[in-house]
Amino acid sequence: MNRTTLSLIAATTALAAVTAFAALEGPSASGAAAPQAAAHLPVERTSLLCPAPSISDIADTSYTSFTPVTAGTANSGKAQLQAADEQSGDGTDNSQTGKGAKGTKGAKDSKGKKTADQPVLTPKAPGTPVTGDTSGADTPALIGTADGRFAPGWTMQETTEVAAGTGRGLQGVNCTAADTDFWFPGASTAASRTDYVHLTNPDDSAAVVDIELYGKDGAIKSPLGENLTVPPHASKPILLSTLTDQRQPDLTVHVSVRSGRVGAAVQALDDKAGGDWLAAAADPAGSLVLPGIPKDATDVRLIAFTPGGDDADLKVRLASPDGLITPAGNETLHVKSGMTSTADLGAVTRGEAGSLVLTPTDQSVPVVAALQVVRGKGDNQETAFIPATAPVGTRATSADNSAQGTTLALTAATATATVKVTASAGSEGGTPTSKTFTVKSGTTENVAFPVPSALKGTYALTVETVSGGPVYASRTLSATESGVPGFTIQTLPNDRGMVAVPRATEDLSVLQK
């Protein structure tokens with residue numbers, strides 16, 4: 001995605017003078033030293049957008065907010081969440097009050113859970129998670145902003161349990177920043193699927209968006225997906241099956257913004273096999289990593305798409321605990337330009353930790369990809385998705401973890417790496433703790449991550465790369481209900497809590513005299 005987030009905009013604005021001086025600076029004729037390396041400073045402002053969690057009246061949704069402690073931040077700051085106005089697919093205002101973006105307070109429902117027009121939680125100081133919950137189908141999308149010490153690495157997790165019906169099971173999504181370009185391989189308009197693209201606009205002006213669909217034979221003409229308007233401070237769910245009369249099991253969805261910015265996520269719900277959120281895949285690239293396939297996955301399906309003019313030929317390998325292996329019968333995948341391609345990998349992990357690694361067989365052609373993962377059999381199936389993701393980089397965080405039911409997968413696809421994992425204090429008490437792991441090149445490990453001592457409530461896991469090659473990570477939440485192995489998987493890309501700013505080594509103010 002094009003990472004045009006508020007975090008980077010704010011940081012760039014705040015440090016404009018420094019950047020301007022550094023741009024003017026250069027080696028002098030007398031042989032002065034070259035400019036120093038860029039400084040890495042905490043971002044000063046960021047935003048997060050959480051989609052409306054469910055269309056089910058029996059849905060129970062929890063939110064967890066967490067900001068890791070970051071050295072060098074300001075002592076002040078705050079983070080806050082407001083409800084977005086809800087728009088139907090035809091642009092009708094569906095908000096209960098018409099003032100959802102104001103975050104007006106309301107009463108609790110009969111279960112004691114907060115209603116749609118009451119702030120679901122108030123973020124706590126860095127280092128301590130805070131949780132909140134809602135229920136029902138009227139819970140709105142959320143627009144969050146944070147500044148000062150709350151901004152660097154701010155993370156929000158939205159987790160929903162649906163006891164029955166379409167999409168029943170566990171659904172989870174990381175709230176994300178606004179952007180202008182998104183790819184979603186793995187969507188569907190099959191008769192058994194109900195897939196929505198959720199678009200949320202955090203800004204004061206309307207956003208104009210195009211939604212493009214690509215199936216196995218190429219682009220699907222859909223005039224209804226063009227020039228979609230998302231009003232200011234509003235969220236709009238678009239049912240994919242209303243954009244085309246073609247029923248295809250595997251689609252790639254491209255969301256591009258003509259003006260403004262939006263947050264985007266796909267909610268993929270199946271009549272029989274549960275469902276989950278499909279987060280945007282990493283930017284098109286020649287090599288991709290899709291981390292954290294569950295050990296007990298009964299069926300894994302790879303969906304890939306190349307947006308360029310050339311076909312792509314990919315080598316398909318599984319990063320197991322013992323190294324890279326090639327799945328029998330799926331050694332390579334040919335991806336035709338502009339067409340969605342798939343590969344059925346079956347129970348590829350065979351009881352071990354695993355991640356999929358895609359590399360070009362010859363010429364490197366940019367590709368986007370995701371995995372559709374199924375656990376269970378027969379009527380007790382549940383589905384989740386793993387999009388290709390960016391590496392952890394300096395730091396990444398996963399919120400809403402518990403003492404049981406959490407799996408953290410770490411993958412070092414190209415070189416051995418050392419990683420530090422920190423468990424935060426619990427939302428209701430506990431002491432933070434850390435542990436360091438070494439992940440060998442070409443392997444995936446489901447690590448025995450630390451748990452806070454005297455834990456009460458949920459906690460966050462923060463992953464930091466200490467040394468070595470790039471590390472890719474995902475977190476799986478599991479909860480079996482009535483024999484159905486409910487689960488949801490979120491990848492852990494870099495939290496972009498730091499921004500590189502060129503150093504100024506000379507005072508150029510004399511030039512203005």
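**A predicted chain built mostly from strands**

Buried residues make up 54% of the 513 residues in the chain, where buried means under 20% relative accessible area, exposed means over 50%, and partly exposed lies in between (1.4 Å probe, protein chains only). The model is a predicted one, in which local features need pLDDT of at least 70 and side-chain atom pairs count only at pLDDT 80 or more, while totals for chains, interfaces and linings use all residues. Residues are numbered from 1 along each chain as its sequence is written, and side-chain values use heavy atoms, with hydrogens and water left out.

The chain holds two helices and 38 strands; helices (H or I, at least four residues) and strands (E, at least two) are DSSP runs, numbered from the N terminus. Its exposed surface comes to about 20,800 Å², and carbon and sulfur atoms supply 50% of that area, as computed by the Shrake-Rupley method with a 1.4 Å probe, where for residues only the protein chains shown count as cover. Among contacts with a separation of 6 or more, 80% join residues 24 or more positions apart; a contact means heavy atoms within 4.5 Å.

Two open sheets can now be followed strand by strand. Strands of a sheet pair through backbone hydrogen bonds, either parallel or antiparallel. Here, two strands are said to pair if DSSP finds at least two bridges between them.

One place to look is I303, whose bridge partner in β26 is A370.

Another open sheet also consists of four strands, this time in the order β28-β35-β30-β32, again with antiparallel pairing. Strands β28 and β32 (433-439) stand at the edges, each pairing on one side only, and the average twist from one strand to the next is 20 degrees. Seven bridges link β30 (residues 417-423) to β32 in the antiparallel sense, and A417 has V439 as its bridge partner in β32.

A399 counts as buried because its relative accessibility is 1%. Leaving aside residues up to four places away in sequence, A399 touches T64, F66, T155, Q157, Y459, A460 and R475. A399 and N174 are 225 residues apart in sequence, yet their C-alpha atoms are 8.7 Å apart in space.

A further pairing involves β19 (residues 288-293), a mostly covered strand in which six of its six residues are buried. Strand β19 pairs with β25 (residues 354-360) in the antiparallel sense over four bridges, and the bridge partner of I293 in β25 is G354.

Finally, S256 sits in strand β16 (residues 251-259). With a relative accessible area of 16%, S256 is buried. Residues up to four places away in sequence aside, S256 touches T180, D181, V208, V209 and D210.

Note on methods: Axes are lines fitted to C-alpha atoms, for helices over the stretch in contact, and angles run from 0 to 180 degrees between N-to-C directions.
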